Amino acid sequence: MHSALKELLDLLDLEQIELDIFRGRSPEERIQRVFGGQVAAQALVAAGRTVPADRMVHSLHAYFIRPGDPAVPIVYNVDRVRDGRSFTTRRVTAIQHGKAIFSMSASFHIAEEGLEHQSAAMPSVPEPESLGTFQQRMLDVVGDDPTWREWLSKPRPVDVRYVHRLPWEAPAGAAGAPTASDENHVWFRYEADLPDDPLLHVVLAAYASDFTLVDTVLLAHGRAWGTADFSGASLDHAMWFHRPLRADEWVLYAQESPWSGGARGLARGQMFTAAGELAVSVVQECLIRVGDDVTKS
């Protein structure tokens, strides 16, 4: 197991400081705010540790309230909303500097038999091994830029491979810029043999789910991070877990953006196993500001 993945697993191993109160930390990096996927994943860990092992999360609904400060710990308070015969509901609030930065409700369900169908078809895309890694493709984009190259040299816990052109490969206005698209398909996999812990695998899926959704909205406008005067952030996030998946095996994350406007954008995603089974559905609304509006709070 390489160092970046080990560090992520350590971040997800929250410290319990009191009944239903947990403490998490952020990576020691110079970043402006905490990655949203990290907060969502840690909150799901906190909720899951208060739920019987025979109940797995089937949905979560979350709001990103304030930017997280990576320099200080995050305290997760878990509210045991309901413990029913079939369902368990938890509410988690993440707190820094005495204020809520994130709020999540999650529902857990016992295993039950029922009607089954899947109308969503896995997109026909190249195999992940035939695609370059994110780092390899970005190095061709950034050239000799020392800041970008230093950032790209750092190990990452998850291998992400874009099926289509990266947003940075031809930004809006550049020669040969691609036609704007509302689709963004990526493969991802954590490169290690992970324990057979179902909660761990859905937590890692939640972590990865926030990587490329804002990108998907930007792609519809031919934009990419760092190529225009704009800012973006996740506003809210919802996930439905339909069947078990393994985060240490390839997962196709098929995303689209059906709408943007009013400084907001909507992105939807579906996670398919390599066998074509729909495992997770995701919806996120994000903040997209351009021009003089980027500094508004």
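Modeller: Happy to; we can go through the helices, the core and a couple of loops.

Modeller: This is a predicted model, where local features need pLDDT of at least 70, side-chain atom pairs count only at pLDDT 80 or more, and totals for chains, interfaces and linings use all residues. Residues are numbered from 1 along each chain as its sequence is written, and side-chain values use heavy atoms, with hydrogens and water left out.

Biologist: Thanks! Is helix α2 buried or exposed?

Modeller: Buried: 13 of the 13 residues of α2 are, so the rest of the structure largely encloses this helix. Buried means under 20% relative accessible area, exposed over 50% and partly exposed in between, with a 1.4 Å probe and protein chains only. Helices here are DSSP runs of H or I with at least four residues, strands are E runs of at least two, and both are numbered from the N terminus.

Biologist: And how do α2 and α5 cross?

Modeller: Their axes come within 8 Å and cross at roughly 155°. Axes are lines fitted to C-alpha atoms, for helices over the stretch in contact, and angles run from 0 to 180 degrees between N-to-C directions. α2 and α5 are therefore roughly antiparallel, a label for angles over 145 degrees.

Biologist: Which residues meet there?

Modeller: From α2, Gly37, Gln38, Ala41, Leu44, Val45 and Gly48 meet Leu199, Val202, Val203, Ala206 and Tyr207 in α5. Contact means heavy atoms within 4.5 Å.

Biologist: Switching to the core, which residues have the most contacts inside the largest one?

Modeller: Tyr76, Phe102, Met104 and Tyr190, in a nonpolar core of 72 residues. The largest share of this core, 9 residues, comes from helix α5 (residues 198-209). A nonpolar core is a set of buried Ala, Val, Leu, Ile, Met, Phe, Trp, Tyr and Cys residues joined through side-chain atoms within 4.5 Å.

Biologist: What does Met104 touch?

Modeller: Leaving aside neighbours within four places in sequence, Met104 contacts several residues, including Ala40, Leu44, Leu60, His61 and Val92.

Biologist: Last topic, loops. Where is Asp20?

Modeller: Asp20 lies in the loop between β1 (15-18) and β2 (21-24). Its phi is near 65°, a positive value in a residue other than glycine. Asp20 counts as buried, at 12% relative accessibility.

Biologist: And His97, buried or exposed?

Modeller: Exposed, at 60% relative accessibility. His97 sits in the loop between β5 (87-96) and β6 (99-110), and its phi is near 55°, again positive in a non-glycine residue.

Terms used. Angles under 35 degrees count as roughly parallel, over 145 as roughly antiparallel, 65 to 115 as roughly perpendicular and the rest as oblique.
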